[in-house]
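Welcome, and thanks for opening the viewer. Keep your selection tool ready, and we will walk from stop to stop together.

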Amino acid sequence: MYDIREWRHVFKLDPNRSINDEDLERICESGTDAVIVGGTEGITLENVLNLMARIRKFSVPCVLEVSTIDSVTPGFDFYFIPTVLNSRDSKWITGLHQQAVKEYGKIMNWEEIIMEGYCILNQDCKAAWLTSADVNLDKEDVKSFAMMSEKMFHLPVFYLEYSGKYGDPELVREVKEVLEETVLFYGGGIESAEQAKEMAAHADVIVVGNAVYKNLAEALKTVSAVKS
Ligand code: 1GP
């Protein structure tokens, strides 16, 4: 099994957006550590299965980031399950999780499940809106969510989510300082090798999503920027 502690770079692909075979091959063969299948809107079992089957032609580890219970299917290497720590609605912190475990707990393979403590910081992203995230946080607020994730809840991943917007590298640096065990993911607005390097100087793993659809050639450069 793969060890996410060794990862530095992942691409996140949205099953609700189309990508041609050639581009998908370039992504999967780029040397990235994993491809995450995940998104906020229009996620269905059908589009998840379709994208999974296409990624599975390559040897890259493939992860489903679960956003709706209905779109979960066997066949991924890992299932990342977000708990949105700064949501104002308990549904996104433990609510949906409890419903899923109530229904499927006995057949879930816990070895494949990795919990992510999410802290959403871009108020304009769909995920912030959907989960009613409280984005009015100062650095100390964010750092305390990170510490809570590690020290109180022993979450394997803490995810700073700026989806669609390039975040504050200084905040990422300070968050990294309070974490010892929990792996720090950073995602949001990375479109160039320079930005990838800047965030990867502090985050353990950087996530590149939207850039894949905007300018794939530049997005691919983020891999070697981080892994060389
Ligand atoms: C989204 O964190 C990821 O969940 C990546 O963000 O799409 O802005 O690259 P971008």
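## Stop 1: a pair from the record

UniProt, in an unreviewed entry, lists Asp14 and Thr40 under "binding site". Select both: they are spread over 27 residues of sequence, yet they cluster in space, with a largest C-alpha distance of 8.3 Å. Keep in mind as you look around that this is a predicted model.

Begin with Asp14. You will find Asp14 in the loop that runs between β1 (9-13) and α1 (21-28). Is Asp14 buried or exposed? Its relative accessibility is 18%, and since buried means under 20%, Asp14 counts as buried. Show the side chain of Asp14 and draw a distance to the backbone nitrogen of Asn16: the side chain reaches that nitrogen at 2.8 Å. Now display the contacts of Asp14, leaving out residues up to four places away in sequence; Asp14 touches Gly38, Gly39, Ile43, Leu51 and Tyr213.

Next, centre on Thr40, which sits in the loop between β2 and α2 (45-55). Thr40 has a relative accessibility of 32% and counts as partly exposed. With residues up to four places away in sequence set aside, the residues that Thr40 touches are Lys126, Ala127 and Leu130.

## Stop 2: strand β2

Follow the chain back to Ala34, in strand β2 (residues 34-37). Ala34 counts as buried, at 0% relative accessibility. What is in contact with Ala34 once its neighbours within four places in sequence are left aside? Select Trp7, His9, Val10, Phe11, Val60, Pro61 and Val63 to see the answer.

## Stop 3: the ligand

Now turn to the ligand and bring up the residues around it: Lys12, Tyr159, Glu161, Ser163, Gly164, Gly187, Gly188, Gly189, Val207, Gly209 and Asn210. Colour this shell by class and you will have two nonpolar, seven polar and two charged residues.

An oxygen atom of the ligand lies 2.7 Å from an N or O atom in the side chain of Tyr159. On the backbone side, a polar atom of Gly209 is 3.0 Å from a ligand oxygen atom, and a polar backbone atom of Asn210 is 2.8 Å from a ligand oxygen atom. How much of the ligand does the protein bury? Taken alone the ligand exposes 300 Å², and the protein buries 90% of that.

While you are here, zoom in on Gly209, placed in the loop between β8 (205-208) and α8 (211-214).

The UniProt record (unreviewed entry) also places a "binding site" feature in this part of the tour, at Lys12, Tyr159, Leu160, Glu161, Tyr162, Ser163, Gly164, Gly189, Gly209 and Asn210. Pick Tyr162 from that set. Tyr162 lies in the loop between β6 (157-161) and α6 (169-177), and is buried, with a relative accessible area of 7%. Not counting residues up to four places away in sequence, Tyr162 touches Leu121, Asn122, Gly167, Asp168, Leu171, Tyr186, Gly187 and Gly188.

## Stop 4: Ser192

Select Ser192, in the loop between β7 (183-187) and α7 (193-200). Ser192 is buried, at a relative accessible area of 15%. A polar atom of the Ser192 side chain lies 3.2 Å from the backbone nitrogen of Gln195. With neighbours within four places in sequence left aside, Ser192 is in contact with Glu218 and Thr222.

## Stop 5

For the last stop, look at phi angles. Most residues other than glycine have a negative phi. Which way does the phi of Ser132 go, positive or negative? Ser132 has a positive phi of about 50°, although it is not a glycine. Look for Ser132 in the loop between α4 (126-130) and α5 (139-152), where Ser132 is partly exposed with a relative accessible area of 31%.

Then move on to His154, in the loop between α5 and β6. His154 is not a glycine, and has a positive phi of about 50°. His154 counts as exposed, with a relative accessibility of 62%.

Definitions and conventions: Residues are numbered from 1 along each chain as its sequence is written. This is a predicted model: local features need pLDDT of at least 70, side-chain atom pairs count only at pLDDT 80 or more; totals for chains, interfaces and linings use all residues. Side-chain values use heavy atoms; hydrogens and water are left out. A residue is near a molecule or strand if one of its heavy atoms lies within 4 Å of it. A polar contact is a pair of N or O atoms within 3.5 Å; within protein, one must be able to donate a hydrogen and the other to accept it, and residues adjacent in sequence count only if both atoms are side-chain atoms. Accessible areas come from the Shrake-Rupley method with a 1.4 Å probe; for residues, only the protein chains shown count as cover. Ala, Val, Leu, Ile, Met, Phe, Trp, Tyr, Cys and Pro count as nonpolar, Asp, Glu, Lys and Arg as charged, and the others, Gly among them, as polar. UniProt positions are given in the numbering used here, feature names are shortened, and annotations may be inferred rather than shown by experiment. Helices (H or I, at least four residues) and strands (E, at least two) are DSSP runs, numbered from the N terminus. Buried means under 20% relative accessible area, exposed over 50%, partly exposed in between (1.4 Å probe, protein chains only). Contact means heavy atoms within 4.5 Å.
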